[in-house]
Amino acid sequence: MLKVIIGAVFCILLIFMSAIVFFPGDNENRFNWKMNFTKDSNNTFTVTNVTYNSKTGESFGIGMYNAPLHNPEDSMHFSKCIENNEPFEGYYFISNQMYEQNDYLISCFLDYEQVPFSLDGSGPELLHRVYLAPFEEKFFRFDLGRLEPGGHDCEIVALLETENHSLDLQFRRSTDFSYLGSRRVNVYANSTELPVINYSSPSRIFAQNCGDGYVINDGLLLTRTPCVAEGWFTEDVRAGETLVYYVNVASDSKYPVSVALVALLDYTQVPLLENDTSNAIFLNLAAGEKISFPAYVQVPATPGVHELMVLYFPVPYTMLESSPGESVKIDQWTCTEPSIRIGLNVSEA
Amino acid sequence: MKRKRISGPFTAFLTLVLLSTLILSVASAEPLIMRLSPDEGAGISGADVEKDIGVGGMQISKTYSGILDSEYTWTGYTDIWKSYLSPVKSIHQSKSRIGSTPFDIDVIGVRGRVWQDESLKFDQPQTNEDSADAQVNYQSSEVFPWGYWYARSDHTFEYEAGNDYWYPMSYDSITV
């Protein structure tokens, strides 16, 4: 009898031990980051205290202003009216709210086309690199020159970690929806109307339906095969080859989405579709609609690691405010999001 | 049929070792569970206030204290955890407070994403206007959720009157 009891106790203990060994509750990262700041009567932002156990992945503030002053009266908010052939210019504000100095790659998308622009006196370029010290905030004067009459969307994008070309999975996964901040304004050049969008139909882009149970909601995921949840992080490719990949894009199950998609290779815009000269694709997806379509990229001729990504611009050509400072309610995620940066490891052909 | 006998002293020794290990494991474990307080849960749209929250994760906050208006604190929080026999769970939260009172701002949002190794398991944004909270939660369906789990949140805080905008991210991970 005693042996039976000992055996039973032994079995119970064994089960408990198995549960502990095989189902650990190991939570390995416990980070905290805390910042205190003040503003004076001129709305000047001053960090008074920062405590942290580990650095944050990213933390920054951005804005677009008519004058280099951090106050609401000088903010562009979300719209700008231009008359009499004035150039579109202003100040791009970045607040580097991190304990590390960072370099930001700045790019401008006018009507979802990457355009050259002047920044801080440097000539018109597609990409500008700027440096900010820990907790530094700075205004950068930008100038896009004269715009065609009509309504425009202008979004200035700041990218972090652009000099990191590690093929490490941990880094690649960390780039998912990361290291990008942007600010968009509706620009009305002698106009009060925004353009009407010519949306791509799913059949035109050879899209297939992933079903409403597909994992993403109001977002995107790049993959090597359509409608899968396995992410795509790196690829060994030959110089000059054409690489096919899939852009999975989805609305939310509860609401429709309107989105513009743009592909970047080494942070420079490239076409998404084969034999198509248009650089951006506009999609309008009904609630629960989740699709996957093939995209193409011409692999660079230079060996080394090159960066491929797709940007997800929500609600293109949508009026963002009814009057200065009065935002319009928008029923979808409104932050521009980047896909995972795919590390293309190019070898000679 | 021959049966192998386990000697009494050996059984006692083994039991002692197992018991000691069990006691040590339980004693060294941190508190596993806390719950959303009614105060925190009340203002959260779409959140399951009964869901257990793990201890740990990554919490980031930014506190404004100035002469122009009331002091307020914005907090972003990501936590992924697994209690012994339960599934993997995560919480992704943005909140705005004056003290412990919800402080509504123009836009508050959070996008939660959860990866299990190289596979995306969860992706859900939530944006609320004139609100103090945004939160999404995840719970795995796998019976054996082995692997490296990585949860991340993109937070959005926009307060036009204060000319204050913050877009931080937070993350947490767990190996099962």
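Colleague: Let's start with Pro87(A). Which residue in β11(A) stands opposite Pro87(A)?

Modeller: That would be Arg146(A). Keep in mind that this is a predicted model.

Colleague: And how many bridges join β5 and β11 of chain A?

Modeller: Eight, linking residues 87–96 in β5(A) with residues 137–146 in β11(A). The two strands run antiparallel.

Colleague: How many residues are in contact between them?

Modeller: On the domain 1 side of chain A there are 28, and they contact 26 residues of domain 2.

Colleague: Which elements of domain 1 give two or more residues to that side?

Modeller: In chain A they are β6 (102–110), β7 (113–115), β12 (150–159), α2 (169–174) and β13 (180–189). The largest share is from β13(A), with four residues.

Colleague: And by class, what is that side of domain 1 made of?

Modeller: Where domain 1 of chain A touches domain 2, the count is 12 nonpolar, nine polar and seven charged residues.

Colleague: Why does Asn190(A) count as partly exposed?

Modeller: Because 15 other C-beta atoms lie within 10 Å of its own, and partly exposed covers what falls between the cut-offs of 12 or fewer for exposed and 20 or more for buried.

Colleague: Since you mention β14(A), what sheet is it in?

Modeller: An open sheet of four strands in chain A, ordered β14-β21-β17-β15 and paired antiparallel. Both β14 (208–209) and β15 (219–223) are edge strands with a single partner, so one side of each is left without a neighbour in the sheet. Two bridges join β14(A) to β21(A), residues 290–298. In that pairing Asn209(A) stands opposite Ile291(A).

Colleague: Switching to chain B. How many helices and strands does chain B have?

Modeller: Two helices and 12 strands. Along the sequence the pattern is α-β-α-β-β-β-β-β-β-β-β-β-β-β.

Colleague: What share of chain B is buried?

Modeller: Of its 176 residues, 43% are buried. As for contacts in chain B with a separation of 6 or more, 61% are between residues 24 or more positions apart.

Colleague: Is β4(B) largely enclosed or left open?

Modeller: Largely enclosed by the rest of the structure, because nine of the 11 residues of β4(B), residues 72–82, are buried. A hairpin through five residues joins β4(B) to β5(B). The two strands pair antiparallel over 10 bridges, with β5(B) spanning residues 88–98. One of the partners to look at is Arg97(B), the bridge partner of Thr73(B).

Colleague: Which loop of chain B holds Asp117(B)?

Modeller: The one between β7 (105–116) and β8 (119–131). Phi of Asp117(B) is also positive, near 50 degrees, in a residue other than glycine. Asp117(B) counts as partly exposed, with 14 C-beta neighbours inside 10 Å.

Colleague: Last topic, confidence. What is the mean pLDDT of chain B?

Modeller: The mean is 72, and 64% of the residues of chain B reach 70 or more. Over residues 20–56 of chain B the pLDDT is below 50. That stretch has 47 contacts in the model beyond near neighbours in sequence.

Colleague: And what ipTM and pTM does the model score?

Modeller: ipTM is 0.83 and pTM is 0.81.

Terms used
Residues numbered from 1 in each chain as written. Chains lettered and ligands numbered in written order. Predicted model: local features only at pLDDT ≥ 70, side-chain atom pairs only at ≥ 80, totals over all residues. Pairing = 2+ DSSP bridges. pLDDT = per-residue confidence, 0-100. Contact = placed C-beta atoms within 7 Å. Nonpolar A, V, L, I, M, F, W, Y, C, P; charged D, E, K, R; others polar.
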